[in-house]
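Here is a protein chain to look over. Keep the sequence and the 3D view side by side as you read.

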Amino acid sequence: KILNNFENKKILVIGDVYLDEYIYTESQKNSSEAPVPRAVVKSKKQQPGSAGNIAMGFRELEADVKIIGVIGNDESGKILKKKLDEKGINTDFLVIDNERVTGVFSRILLNGREIKNHVIRIDTENDDKPSEETKNKILFSLKREIPKSDAVFIADYDETNGTGIIDEKIVEEITKISKNKVKTVGISRLNINYLKNLDVVI
């Protein structure tokens with residue numbers, strides 16, 4: 001019954017959007033250069049991750065979903081935006097920042113003679129905080145879109161403690177704009193104290 005209540009609800013997701021990438025490889029022998037498996041790529045799968053995955057989940061419940069986040073002007077950003085668009089998620093409020101890269105979590109999975117496992121995860125991340133210009137664009141979108149929403153979901157997936165888009169000021173603005181009229185929900189790995197005044201914290 002709870003899940004059915006999301007149909008046609010207006011959900012605004014704001015947070016760190018990453019591209020999840022799974023690289024499936026096979027190995028039948030070791031490399032000639034070092035005592036490690038020689039892995040041959042057999043297939044790849046790419047899908048929206050982090051805040052993008054949250055948005056995808058709400059869309060599966062037939063909610064009307066908009067996403068606010070930041071991507072780079074790069075191939076990974078184009079793939080991520082296309083994947084979200086294909087699911088019917090409104091990406092008009094994704095900021096394309098020429099000074100940033102699109103975050104990517106690449107997982108190498110190996111299927112060999114004696115091994116079958118997730119070997120390593122390779123992350124592509126940003127070293128610096130978003131620029132003031134980018135933050136202002138995010139704030140402008142929040143002020144415009146929160147009053148039109150039934151709920152706001154804050155997805156803080158910053159892996160490096162400081163380079164993501166969710167900070168204390170953003171959360172304060174969201175709670176102020178919501179004014180107890182729009183439900184606020186949040187998830188955070190490193191900064192859960194930012195979310196203390198939300199309606200629900202996961």
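The briefing below goes from the whole chain to its sheet, cores, salt bridges and surface.

This is a predicted model, in which local features need pLDDT of at least 70, side-chain atom pairs count only at pLDDT 80 or more, and totals for chains, interfaces and linings use all residues. Residues are numbered from 1 along each chain as its sequence is written, and side-chain values use heavy atoms, with hydrogens and water left out. The chain has 4 helices and 10 strands. Helices (H or I, at least four residues) and strands (E, at least two) are DSSP runs, numbered from the N terminus.

**The whole chain**

- Starting at the N terminus, the elements follow the order β-β-β-α-β-α-β-β-β-α-β-α-β-β.
- Along the principal axes, the C-alpha atoms fill a box of roughly 65 × 40 × 30 Å.
- Of the 202 residues in the chain, 44% are buried. Buried means under 20% relative accessible area, exposed means over 50%, and partly exposed is in between (1.4 Å probe, protein chains only).
- The chain exposes about 11,700 Å², and carbon and sulfur atoms supply 46% of that area. Accessible areas come from the Shrake-Rupley method with a 1.4 Å probe; for residues, only the protein chains shown count as cover.
- Take the contacts in the chain with a separation of 6 or more: 72% of them join residues 24 or more positions apart. A contact means heavy atoms within 4.5 Å.

**The sheet**

- An open sheet is formed by 6 strands, in the order S5-S4-S1-S8-S9-S10, with parallel pairing. Two strands pair if DSSP finds at least two bridges between them.
- Strand S5 (90-97) and strand S10 (200-201) stand at the edges; each has a single partner strand, so one side of each lacks a neighbour in the sheet.
- S1 and S8 run parallel and are joined by 5 bridges. Val13 stands opposite Phe153 in S8.
- Ile14 has Ile154 in S8 as its bridge partner. Ile154 in turn has Gly186 in S9 as a bridge partner.
- S8 and S9 also run parallel, with 6 bridges between them.
- How many residues of S8 are buried? The count is 6 of the 6, so S8 is largely enclosed by the rest of the structure.
- In a regular strand the side chains alternate between the two faces of the sheet. In S8, Ala151, Phe153 and Ala155 point one way, while Val152, Ile154 and Asp156 point the other way.

**The nonpolar cores**

- The largest nonpolar core has 24 residues, and Val13, Phe58, Ile67 and Phe153 have the most contacts inside it. A nonpolar core is a set of buried Ala, Val, Leu, Ile, Met, Phe, Trp, Tyr and Cys residues joined through side-chain atoms within 4.5 Å.
- Among the elements that give two or more residues to this core are strand S1 (10-15), helix H1 (51-60), strand S4 (64-72) and strand S8 (151-156).
- H1 gives the most to this core, with 5 residues.
- Beyond its neighbours within four places in sequence, Phe58 is in contact with Phe6, Ile11, Val13, Ala63, Val65 and Phe153.
- Another core lies apart from this one; it has 21 residues, including Val95, Leu139, Leu142 and Val171.

**Salt bridges**

- The structure holds 10 salt bridges. A salt bridge is a side-chain nitrogen of Lys or Arg within 4 Å of a carboxyl oxygen of Asp or Glu.
- Glu145 and Lys66 form one through their side chains (2.6 Å, N to O). This pair links distant parts of the chain: Glu145 is in helix H3 (residues 132-145) and Lys66 in strand S4, 79 residues apart.
- Glu145 is buried, at 1% relative accessible area, and Lys66 is partly exposed, at 22%.
- A network of salt bridges links Lys66, Arg144, Glu145 and Lys148.
- Lys176 forms a salt bridge with Glu173, with the closest N and O atoms 3.3 Å apart. Both lie in helix H4 (residues 168-178), 3 residues apart, about one turn of the helix.
- Lys176 is exposed, at 52% relative accessible area, whereas Glu173 counts as buried, at 14%.

**A surface patch**

- Val119, Ile120 and Ile122 form a nonpolar patch on the surface, with about 260 Å² of accessible area together. Patches are made of residues with over 30% relative accessible area and no salt bridge: like charges are joined within 9 Å, nonpolar side chains (Val, Leu, Ile, Met, Phe, Trp, Tyr) within 5 Å.
- Ile120 is in strand S7 (residues 116-124). Ile120 is partly exposed, with a relative accessible area of 45%.
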